[in-house]
Amino acid sequence: MSNPIFNLAVLLPLLPFLAFVLILLWTGRNKRLSAGLAVGSIGLSWILGWAIAIAAFRVEGFGANPFLAFRNWLPTGPTWQAFGIVIDPLTAVMLIMVPFVCFLIFVYSVGYMGIGKPEGQHDVRGWPAEPGHVDPLVSRFFAYVALFATGMLGLILADNLILLFIFWEIMGLCSYLLIGFWFARKYPDPKQITPKEAGLKAFMTTRIGDTIMLAGILLLWIQTNSLSFSEIFKPQTLASLATTTANLPILGPTPWATLIAILIFWGAIGKSAQFPLHVWLPDAMEGPTPVSALIHAATMVSAGVYLIIRTYPLMQAVPHGPALQFISFIGAFTALFAATIAFTQNDIKKVLAYSTISQLGYMFAALGIGAYIAATLHLLTHAFFKALLFLGSGSVIHGMEHGHHAVGHSAHGDTEAAGHDEVSVSPARFDPQDMRNMGGLFKRMPRTAWTFIIGGLALSGFPIVTAGFWSKDEILADAFVNGHTLVFVTLAVAALLTAFYTARQIVMTFFGRPRTEAAEHASERDSIFAWMTIPLMVLGVFAVVAGWVAIPEDFPILGALSSNPFHHFIGGLAEALEIEANPLPFRLSPLVVSLIVALGGLLLGWLVYRGYAGKGAPAEGSPLEIPDPMARPLGRAYTVLQRKYYFDELYHAVFVKGALRLSNWLFRVDDLWVIDPIVDGVGRLGRWFSEISRRFDTAIVDGAVNGIAAITNWMGGIVRGIQTGRVQNYLLVGLVTVSVLLGAFLLLPK
Amino acid sequence: MVPLTWYLFLAAALFCIGVFGALSRRNAIAVLMGIELMLNAVNINLVAFWRYTDLGQMTGQLFAVFVITVAAAEACVGLALIITIYRQRHTVNVEELDTMKG
Amino acid sequence: MINYLSDFFVNLARSWTAWISGFLPVWAVTVVNYVIVAVILVMMPVIATLTLTWMERKVIGRIQNRIGPNRVGPWGIFQAIADAVKMLVKEDIVPDNADKPVFNIAPILIAAAACLLWAVLPFGRNMIGADLNIGALYVIAIGSFTTVAVLMAGWSSNNKFALIGAFRVVAQLLSYEIPMVLSVAAVVLLVGTMRMGQIVELQTVPFVFLLPTTFLIYMLSAIAETGRAPFDLLEADSEIVAGYFVEYSGLKFGWFYIAEYGNLMAVAAIATTLFLGGWRGPGVAAVPALGPFYFAVKILVIVFVLMWIRGTLPRFRIDQMLGFAWKVLVPAALANLLWVAIVLKLPVPTALQWLLILAGNLITLVVALTLLGRAAKQYAARRGLVSA
Amino acid sequence: MQQVAFAVLSLITLGAAIMVVTTPSLLRSALWLILAFFGIAGIFVLLNADFLAITQILVYIGAISTLMIFAVMLSSKVMDPHQPRFNEQWGLVGGFSALLFVALAAIVSRVVWPVAQGEVPVDTIQRLGADFVGPYVIPFEIASVLLVVAMIGAIIIARERE
């Protein structure tokens with residue numbers, strides 16, 4: 001069965017890593033070459049990855065006997081940690097998505113980073129370049145993304161948790177580096193978070209999750225003496241994990257499986273920005289847009305979901321146990337919660353960020369209710385259309401900047417600010433990401449607009465054609481059929497909101513009349529857009545067709561056309577792992593619901609924002625003053641949502657401020673009640689003492705001190721005699737020791 | 001047939017002579033010579049043990065070869081050092097090379 | 001009778017042994033035979049000197065358009081004898097504050113080294129002093145031992161010229177030993193043994209046809225090892241009167257003389273053994289007694305070529321010479337060695353292997369020559385010797 | 001027969017070694033060193049380690065001794081034979097090395113060595129080579145690296161600094 005090509009899988013992570021090393025060590029000077037290396041390497045991995053995946057599809061009953069190859073490398077007490085790769089249906093489908101999206105996004109970044117453009121005169125390292133100039137640190141950028149690709153590919157190939165964790169952390173590092181890629185950037189208003197801080201925030205937040213996850217992994221290893229999936233997922237191992245219990249302080253006896261599962265899930269919460277740890281993802285948008293698309297939409301954040309899918313047997317070791325409930329709760333809640341925030345945001349990328357969070361929540365909810373295959377499908381489709389959306393937004397932003405540049409005043413108040421600071425404090429700074437500055441871009445950037453709209457429809461699950469519909473419908477149906485009503489309702493509402501804010505975004509951005517000069521002059525005629533829009537179109541195609549591989553068989557009409565290959569392929573794995581994933585019986589109600597929410601949401605959004613968009617630029621003042629049509633009906637709730645439920649403020653108050661206050665308090669206590677009295681008393685005492693000590697001093701202390709010094713000197717004089725600095729003397733000591741010892745050893749009685 | 005112990009005695013004597021030379025000569029080159037003698041003594045032991053214990057495997061000779069290799073490296077670096085020192089301090093007298101004196 | 005003659009030397013030895021073992025104990029027979037063989041081998045350098053000096057002077061004379069020695073005996077054959085007599089009767093001078101013991105030992109050692117070389121050379125089938133299983137290595141070792149003797153001579157005679165000569169020797173001999181070893185190693189690799197006897201036995205095709213470049217490298221380094229023109233810097237008469245043995249006279253000088261010609265013949269003999277198939281030749285299988293003659297003839301041919309070279313080429317400059325050793329010979333020899341090693345591992349018939357080896361050698365040769373030519377052009381251009 | 005050979009060789013070796021450490025003139029002691037090396041080579045031959053014997057001659061006499069003589073010559077100006085050849089601790093060293101020898105000899109004579117008589121295989125050299133590229137390939141590689149490093153280091157150390 002094992003097709004020889006599988007052995008090449010090791011190359012998948014190695015190729016980008018090679019590019020990373022080469023760029024970092026040698027070709028850093030040559031921007032074109034570096035970019036070429038990165039794109040070329042990932043291109044190769046893409047071809048290889050698809051070859052492997054297709055070979056995998058060919059194999060019959062692949063799920064039952066996947067391809068394994070490993071070599072021991074890390075001795076851990078009695079056992080070994082293997083450096084191994086596994087290729088099973090899950091990996092195969094991931095291999096369809098990951099290298100491909102990576103490749104497209106790399107190509108996109110070639111345009112986005114302005115490869116082949118002249119160097120800007122007053123471009124500063126660590127600032128975004130002027131429009132139409134190449135980024136000064138672009139080689140570094142490509143090195144980082146290449147390393148990231150290594151991490152992601154390694155993650156999906158890893159056959160054991162420790163290896164997975166290693167690549168997981170590599171990705172974390174890359175995310176930190178790339179979010180903070182414009183590390184020197186500063187904004188006029190000090191409240192706004194800078195890329196540096198954002199990177200730090202992301203790193204710290206995910207650290208929390210990762211630490212807990214590591215704890216889980218270690219516990220697992222202690223329990224099973226192994227971390228390789230094939231070992232852990234043996235039925236008897238899982239059974240023992242499910243039966244043996246740990247005594248927790250409050251919860252009382254808990255099955256190890258549950259405990260470990262929840263601990264590991266926390267890692268996913270951190271990486272996939274789920275509810276308690278979601279705060280980092282929106283700020284991560286400070287990074288370059290391709291990064292947002294690659295890391296914070298398509299691959300890394302979904303790695304959390306992948307982790308849960310990968311370890312699903314462990315998660316459901318206790319059937320419908322608290323672990324799954326926890327997962328589904330977190331997921332469903334996040335889905336709704338993030339969606340509500342999303343439709344009040346004005347930053348085009350922030351909206352997408354929150355929608356990402358909510359979509360990930362979707363997947364977790366699906367996993368929580370056992371919709372294993374549906375979650376996998378949604379993971380794939382979402383990767384495609386969300387990457388598409390982000391790239392589209394990046395294109396829009398570039399278009400806006402070009403327009404702004406064309407108008408004349410600098411699109412980059414901050415760029416010169418690097419040179420002379422007083423400019424950077426100039427309050428009015430044009431924000432090319434703010435949707436309120438856009439409008440009417442449809443005519444000016446048709447390619448971007450079309451692809452973006454396709455992505456948007458897919459995201460909101462526009463019926464039948466788009467990929468999003470099939471995955472979402474699957475999830476909803478699953479929730480409904482298996483009677484998780486609460487989850488079903490939540491997700492339905494979330495879907496409604498999703499459709500709504502997608503419509504809002506599209507309308508605000510592309511329709512109506514331009515609200516600013518920049519939007520008026522925005523264009524995608526610059527050469528870089530060739531690089532940027534082609535990936536958009538390709539992704540657009542996939543955002544539509546990706547769902548068609550998974551049309552349920554008993555879906556009216558269409559079901560007859562396809563035999564739902566996806567379900568069978570993953571299903572093979574599922575039953576190999578004893579996960580029950582039978583094709584659902586067709587029900588009308590969930591379908592109707594999803595149709596209603598999708599279409600209704602879109603329609604609603606269009607109706608609400610049509611007027612807003614139609615107004616165009618205000619007579620006087622900036623378009624930012626125009627109130628959002630939703631603001632009046634929602635009232636205070638609107639602000640609450642816009643401030644993201646004050647979570648940043650909350651965390652800041654609780655954790656940051658808390659620490660500060662505590663230290664402050666301690667300081668006061670110290671100062672008022674302890675130190676001062678002592679100080680005074682000491683002062684008085686001191687004056688009195690010193691009087692005595694002065695006499696004492698001159699007479700005795702000085703003598704003593706000098707005496708000690710003299711003694712030291714004298715002894716040192718003796719000792720330094722040994723340190724002749726002649727090697728032969730030292731060797732002599734050795735000789736004496738050896739011979740004397742030997743002699744003694746011989747003379748002494750046995 | 002010569003008994004093994006003779007070789008061992010020879011090696012011991014050679015080693016001690018080498019030690020004496022290495023520790024008592026004033027000239028750095030002479031010191032190196034002493035060291036070479038010690039290494040050779042070691043070689044004799046290795047080969048003798050090879051010959052008298054395990055003819056089945058070549059370990060003894062192998063190690064002797066390694067020792068010779070190391071000796072060559074050591075000699076070339078040592079002599080290079082000596083030449084440099086001679087150039088800079090105009091002496092190869094070990095006693096005068098005590099800049100590390102405490 | 002015929003078949004006695006056919007393997008004359010071996011049979012002679014056999015019958016001789018049989019005869020003396022009639023009235024001598026076994027150990028004594030061994031000793032006597034050893035002594036006889038030793039004497040024969042020690043005689044070789046002397047014979048070499050006596051013949052080759054005359055030959056050389058004739059050849060050089062011809063090359064320089066002279067007649068050469070022609071007074072003593074017919075065609076001056078006995079010139080060498082005359083010189084020997086002259087040397088013997090000369091006064092033996094030992095310079096003041098020379099390091100006398102060393103001064104006296106040095107020539108003996110050199111001559112001894114020259115003799116020792118002959119111990120492992122097969123004159124014919126079963127005609128070899130001692131067929132050591134490390135013959136090839138032994139040859140190299142003895143060659144390296146010469147260095148020390150020369151050094152002793154140069155140092156002990158307490159003379160600037162001698163000392164400089166000695167330094168040059170060390171530089172030269174040490175540098176040229178390496179390509180020599182590498183080229184010998186290539187042959188050893190090819191036959192898979194270091195026994196000189198076997199090397200000849202297995203040499204169905206003279207290796208010079210397989211390893212021409214290696215042969216060339218060996219010959220060049222051999223000339224350098226014997227310190228003959230164009231590598232005769234250690235006795236560059238015009239620069240440092242006679243190099244390390246400037247202070248020697250009389251018999252000791254004779255020793256050096258013997259050593260020089262002994263070495264000359266020895267390297268020729270080694271080249272013959274390693275590359276020209278030693279005593280092999282038409283009809284040897286039938287008449288083994290022919291072996292020594294083939295051997296001698298091949299040696300003489302090589303010696304003649306060496307003399308030819310000496311008569312033709314000017315002397316190298318020291319830096320150029322060392323540069324040549326390190327930058328040309330060593331890399332080329334290494335390349336050959338590697339290539340041979342690789343080819344021998346290839347799973348192809350022997351004939352094909354040999355073809356490959358030959359091809360590799362030729363390629364190495366061409367590459368080396370092209371690079372050399374380019375370097376020479378650049379050098380000349382830099383020095384303004386030619387209008388580049 | 002062998003005993004005699006051994007006696008002669010060891011006498012040569014030890015005598016030469018003693019001369020090495022005692023001769024005032026460095027060049028002489030270098031020459032004595034060579035003699036000692038020869039003796040040791042002979043010992044190796046007695047031990048049926050021909051390859052090692054030749055290697056000994058090749059490396060120690062051909063290379064190391066030559067280097068030493070070279071160094072002696074280069075630094076010969078500063079060495080006047082009149083100044084003492086030993087440092088002031090030589091008496092102590094002598095005594096203790098003597099003690100060391102006694103101790104070692106005692107050990108050698110006390111321990112019962114597990115001597116296994118056996119015929120020396122004929123193909124020692126082949127097996128040596130096989131072992132070098134077989135089980136001992138890593139030490140072999142490391143040794144070669146060491147040599148390269150030493151060579152480069154020596155060149156860098158001894159180079160004239162402008």
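Arg127(D) sits in helix 5 of chain D, which covers residues 124–133. Helices (H or I, at least four residues) and strands (E, at least two) are DSSP runs, numbered from the N terminus. Setting aside neighbours within four places in sequence, Arg127(D) is in contact with Met58(B) and Pro121(D). Here, contact is defined by C-beta atoms, placed from the backbone, that lie within 7 Å of each other.

Before going further, a word on what you are looking at. This is a predicted model, in which local features need pLDDT of at least 70 and side-chain atom pairs count only at pLDDT 80 or more, while totals for chains, interfaces and linings use all residues. Residues are numbered from 1 along each chain as its sequence is written, and chains are lettered from A and ligands numbered from 1 in the order in which they are written.

Now to chain B. Its secondary structure comes to three helices and zero strands, so to speak in the order α-α-α from the N terminus on. The average pLDDT, the predictor's confidence in each residue from 0 to 100, is 87 for chain B, and 96% of the residues score at least 70. Of the 102 residues of chain B, 61% count as buried. Among contacts in chain B between residues at least 6 apart in sequence, 49% join residues at least 24 apart.

How do the helices of chain B pack? Two packed helices are described by the angle between their axes and the distance between the axes. The axes are lines fitted to C-alpha atoms, for helices over the stretch in contact, and the angles run from 0 to 180 degrees between N-to-C directions. The axes of helix 2 and helix 3 of chain B come within 8 Å and cross at roughly 175°. Helix 2 of chain B and helix 3 of chain B are therefore roughly antiparallel to each other. In these terms, angles under 35 degrees are roughly parallel, over 145 roughly antiparallel, 65 to 115 roughly perpendicular, and the rest oblique. Residues that make this contact include Leu32(B), Leu39(B) and Trp50(B) of helix 2 of chain B, and Phe63(B), Val67(B) and Ile82(B) of helix 3 of chain B. By class, the contact of these two helices has 15 nonpolar, five polar and one charged residues. Ala, Val, Leu, Ile, Met, Phe, Trp, Tyr, Cys and Pro count as nonpolar, Asp, Glu, Lys and Arg as charged, and the others, Gly among them, as polar.

Chain B also meets chain D. The contact takes 62 residues from chain B and 71 residues from chain D. Helix 1, helix 2 (28–52) and helix 3 of chain B each supply at least two residues of the side that touches chain D, and helix 3 of chain B gives the most, with 21 residues. That side of chain B has 45 nonpolar, 12 polar and five charged residues.

One pair of helices shows this meeting in detail. Helix 2 of chain B and helix 3 (residues 50–74) of chain D pack at an angle of about 175°, with their axes 11 Å apart. These two helices are therefore roughly antiparallel to each other. Ile29(B) and Val47(B) are among the residues of helix 2 of chain B in this contact, and Leu52(D) and Met68(D) among those of helix 3 of chain D. The residues of the contact divide into nine nonpolar, no polar and one charged.

Chain D touches chain C as well. This contact takes 17 residues from chain C and 16 residues from chain D. Helix 6 (135–156) and helix 7 (160–191) of chain C each give two or more residues to the side that touches chain D, and helix 6 of chain C gives the most, with 11 residues. By class, this side of chain C has 14 nonpolar, three polar and no charged residues.

Finally, there is chain A, with 31 helices and four strands. Of its 750 residues, 52% count as buried.

Definitions and conventions. Two residues are in contact if their C-beta atoms, placed from the backbone, lie within 7 Å. A residue is buried if 20 or more other C-beta atoms lie within 10 Å of its own, exposed if 12 or fewer, and partly exposed in between; C-beta atoms are placed from the backbone.
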